[in-house]
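Hello,

The structure we talked about is below. My notes on it follow, kept to the contacts.

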Number of protein chains: 2
Amino acid sequence: MTPEMIEAAAVRMAGHIRRTPFLNAPLLDQAVGRRVFVKAECLQVTGSFKARGGWSAVSALDPEARARGVIAYSSGNHAQGVAYAAARHDAPCVILMPSDAPQVKIANTRAYGAEVVLYDRATQDRDAIGARLADDRGLRLIKPYDDPQVIAGQGTVGLELAEQAVEAGITQAPVFVCCGGGGLSSGIALALEARAPGLQVRTAEPHGFDDMARSLASGQRQKNPATTGSICDAILTPSPGELTLPILTRLARPGAVVTDDQALHAMALAFTHLRIVLEPGGAVALAAALFGEDLPDTVIAVATGGNVDPATFATALDRFAGC
Amino acid sequence: MTPEMIEAAAVRMAGHIRRTPFLNAPLLDQAVGRRVFVKAECLQVTGSFKARGGWSAVSALDPEARARGVIAYSSGNHAQGVAYAAARHDAPCVILMPSDAPQVKIANTRAYGAEVVLYDRATQDRDAIGARLADDRGLRLIKPYDDPQVIAGQGTVGLELAEQAVEAGITQAPVFVCCGGGGLSSGIALALEARAPGLQVRTAEPHGFDDMARSLASGQRQKNPATTGSICDAILTPSPGELTLPILTRLARPGAVVTDDQALHAMALAFTHLRIVLEPGGAVALAAALFGEDLPDTVIAVATGGNVDPATFATALDRFAGC
């Protein structure tokens with residue numbers, strides 16, 4: 001992984017992936033007692049940063065591989081990002097999803113142009129089905145984070161951040177990043193090392209799913225005890241990626257951990273003060289920036305996604321708007 | 001009013017007023033059967049385009065007038081826009097608000113740094129109180145739309161739109177703009193005439209408060225029969241401005257009218273597909289772009305504000321998310 005790979009991904013994305021805004025709000029800053037800047041990747045096309053990694057990976061394929069197509073395993077933001085990128089490249093795209101995934105996610109993935117193949121979580125082996133489909137059709141598997149071109153694509157967030165922070169007069173600040181497998185965090189860390197070394201990544205994870213924070217602290221790859229049980233579904237991964245952990249071990253500061261309630265509270269404050277829609281997993285970095293202790297006067301958070309069901313959003317407003 | 005005044009306002013704003021993003025969403029386009037682009041002024045600092053007009057007016061004052069201060073009558077977005085601009089210019093600022101205005105609006109206006117003076121709607125004459133305050137302290141009144149520098153400030157939305165439309169390959173499209181007194185609509189119309197004449201403003205108003213549409217159709221300045229009775233509170237004005245109507249008569253196409261339910265529906269679709277928060281009055285242009293008939297393949301809407309109370313937003317989601 002080199003900064004040049006990130007820069008090359010940015011060139012391939014131009015005109016297709018949105019440069020997302022860098023937001024702040026005077027009244028939010030007053031309320032929390034520090035300056036909080038938000039990189040609003042919820043406003044990315046497909047509603048999350050995953051469109052960047054998908055675009056980077058699909059566009060990096062040679063024309064023959066692209067013509068055969070791609071496959072991904074996901075019921076969420078990675079599925080939509082890969083499906084969008086493949087459709088715009090006229091590349092066939094199969095997304096393997098559990099048959100009990102929410103209907104709206106299946107419908108959305110199809111609407112982006114992908115062929116959705118369903119499997120039964122209880123009786124079927126996802127990896128075996130995927131491997132057979134990939135073999136039969138010559139599809140290239142696009143992993144959600146342990147893929148250099150995916151990391152390079154997510155890292156373009158860091159290139160933009162470096163420029164936007166300078167424009168805002170910020171040279172030193174922690175950059176909280178919502179973290180599942182670490183693809184976005186590691187990509188941003190590499191970009192900032194090259195372009196804005198005073199900005200330093202801190203991963204943000206939900207309580208009970210802090211495998212990255214514990215891995216960074218211990219120097220050993222740690223697993224989460226559970227795979228479900230947080231509303232932050234977008235970022236519940238079993239353990240850090242093999243490619244991402246070494247990058248973050250070298251470049252990231254200690255990981256932050258927030259509660260589900262703090263994520264909901266951050267969603268409500270983002271609604272009131274920034275007028276953006278965040279999903280719980282997309283709000284954990286903002287929660288860390290808002291509610292963390294011993295933070296400097298200026299902090300940055302990457303708000304990674306906004307694909308949230310209305311009921312969850314209404315719960316966040318009901319419980320925390322006005323708090 | 002000249003295009004040069006708008007360009008000068010843009011220069012004065014640089015670094016203080018946000019260049020808001022130009023958003024679209026593949027799944028929204030599929031759902032409505034046309035390409036819908038949204039200029040997201042809800043992401044402007046203070047949550048609406050009104051910060052532009054406030055900044056333009058305050059920054060255009062000579063230093064002596066600015067040191068004496070400014071005054072505005074508003075309980076909403078104009079109050080916050082003027083208060084923000086005045087505070088950043090170290091100019092004293094009085095906002096005259098009815099004493100029954102929502103506490104949160106009073107608190108927010110104070111938090112932006114303004115002195116809020118309350119009056120009793122039933123027994124006191126707002127204009128008389130404002131005139132006395134202005135006389136006593138030498139304050140300059142900043143009107144919400146019938147002020148050339150306010151129109152010039154709002155017109156900077158049009159300068160950005162012209163550039164962003166070209167980047168998106170759009171040369172011909174209607175541009176729906178949420179319309180109260182017409183300051184934003186007329187400013188945008190002037191900017192587009194100079195920079196992108198294929199983009200043509202169409203005002204959008206709530207049903208029952210379509211004074212601008214009727215004025216444009218009749219060639220005579222029309223009044224609304226009522227002053228309250230729509231949830232689109234931000235844009236309920238009694239009649240078009242004296243400065244704005246002639247500009248729009250010359251440059252705008254027929255005005256669009258939407259129902260309150262269509263505004264709520266547009267809010268829900270903006271939540272789902274664009275991940276932005278709109279207030280009802282800030283969603284009428286998007287509603288016109290989504291639900292209007294006989295529209296071309298590509299339409300643009302200016303989403304003007306996102307200062308909405310959680311209960312109203314939850315109602316929009318409850319009734320229309322998933323529709």
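How many residues of domain 1 of chain A are in contact with domain 2 of chain A, and how many of domain 2? In this predicted model, 21 residues of domain 1 of chain A are in contact with 14 residues of domain 2 of chain A.

For orientation, domain 1 of chain A covers 3-48 + 147-320, while domain 2 covers 51-141. The C-alpha centres of these two domains of chain A are 24 Å apart.

On the side of domain 1 of chain A that touches domain 2 of chain A, α1 (3-13) and α8 (148-167) of chain A each supply at least two residues. α8(A) gives the most to that side, with 7 residues. By residue class, the side of domain 1 of chain A that touches domain 2 of chain A has 8 nonpolar, 11 polar and 2 charged residues.

Next, the contact between the chains. Here 23 residues of chain A are in contact with 23 residues of chain B. Three helices of chain A, α2 (26-32), α6 (103-111) and α14 (310-320), each supply at least two residues of the side of chain A that touches chain B. The largest share of this side comes from α14(A), with 4 residues. The residues of the side of chain A that touches chain B divide into 18 nonpolar, 4 polar and 1 charged.

To put the two sides next to each other: the one facing domain 2 of chain A, on domain 1 of chain A, counts 11 polar residues, and the one on chain A that touches chain B counts 4 polar residues.

Regards

Technical notes
Residues are numbered from 1 along each chain as its sequence is written. Chains are lettered from A and ligands numbered from 1 in the order in which they are written. This is a predicted model: local features need pLDDT of at least 70, side-chain atom pairs count only at pLDDT 80 or more; totals for chains, interfaces and linings use all residues. Domain bounds come from an automatic or database domain assignment. Two residues are in contact if their C-beta atoms, placed from the backbone, lie within 7 Å. Ala, Val, Leu, Ile, Met, Phe, Trp, Tyr, Cys and Pro count as nonpolar, Asp, Glu, Lys and Arg as charged, and the others, Gly among them, as polar.
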